[in-house]
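Please open the structure in your viewer and keep the selection tool at hand.

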Amino acid sequence: MSILTTVTPVSHDLGGFTVRRAIPSPRCRMVGPFVFVDQFGPARLDPGTGMDVRPHPHINLATVTWLFDGAIDHRDSVGSHATIHPGTVNLMTAGSGIVHSERSPAAERAAGATLYGMQTWLALPDGREEIAPAFEAVSALPLVEGGGAAASVIMGTLWGERAPTTTYAETIYADIALAPGGSIPIDADADERAVMLVAGEASLDGVPLALYELVVLAPGAAMRLASAGGGRAMLLGGEAFTTTRHVWWNFVSSSRERIEQAKADWREG
């Protein structure tokens, strides 16, 4: 079998837009370093409203925000302020600890903010969980085109192109747009890989993909992603982690004791 499992995300209505959480789930805890996979939208919020995620902490992980539409203002405790737009990957490394907020920009609110994209968390590898917190926004990403497909390489090396985005473990992440009749190979280089259809329609080796489901691929299986009518899909994965990662609220760590310490630190301000 070329497909190991299919995960139907748990959907949450956050007041005007839907967030679909595929990982972690009972069927799949991680894919490569990806320990958390959320897809949100597409949505247009009511005029005068927007997304308001208040300041909250993270440890021992990196967050990756990638938008298809809309904009998000990011602020964090290392002094970063960036407005996230489609085509730019925003990587926030929590490491030993960071606090950040995510809000719709004021300019987006008057007509009603649009929200459509992905937020994923990457577990940091053993020995690097407590690195210094950092933030980067990278827009000069490789675009691989051919066969009716255009793939933006967000992280890692794919189809012979490497993204300049920082990686801590071997990571692959790409946004694949398929024109009607388009196709692209899904190589078998990474330890673990998964595909999520986020718009339109597509199939893997002739097997239709359901919208927003995370399809986890068997190791070593080279496949072809294709679309008869046009579609968009995310490819993600990388090296398999050999040690367990624990997740509680916004904290991820190989150590339960470290999570307990982070809980206490946050309670005490």
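Begin by selecting strand E3 (residues 18–23) together with E4: the two pair in the antiparallel sense over four bridges. Strands (E, at least two residues) and helices (H or I, at least four) are DSSP runs numbered from the N terminus, and two strands pair if DSSP finds at least two bridges between them. The model is predicted, so local features need pLDDT of at least 70 and side-chain atom pairs count only at pLDDT 80 or more, while totals for chains, interfaces and linings use all residues. Residues are numbered from 1 along each chain as its sequence is written, and side-chain values use heavy atoms, with hydrogens and water left out.

Within this pair, select Ile23, which stands opposite Val37 in E4.

Nine of its 11 residues are buried, where buried means under 20% relative accessible area, exposed over 50%, and partly exposed in between (1.4 Å probe, protein chains only). E4 also pairs with strand E11 (residues 114–123), in the antiparallel sense over eight bridges. Here Ala43 stands opposite Leu115 in E11.

Now select Asp13, in strand E2 (residues 10–13). Is Asp13 buried or exposed? Asp13 is exposed, because its relative accessible area is 61%.

Finally, select helix H2 (residues 256–267), which has 12 residues. Its buried residues are Arg258, Ile259, Ala262, Lys263 and Ala264. These pack against strand E25 (246–248) and strand E26 (251–253), contact meaning heavy atoms within 4.5 Å. After H2, select Gly269, whose phi is positive, near 80°.

How values were computed: The expected span of a helix is 1.5 Å times one less than its number of residues.
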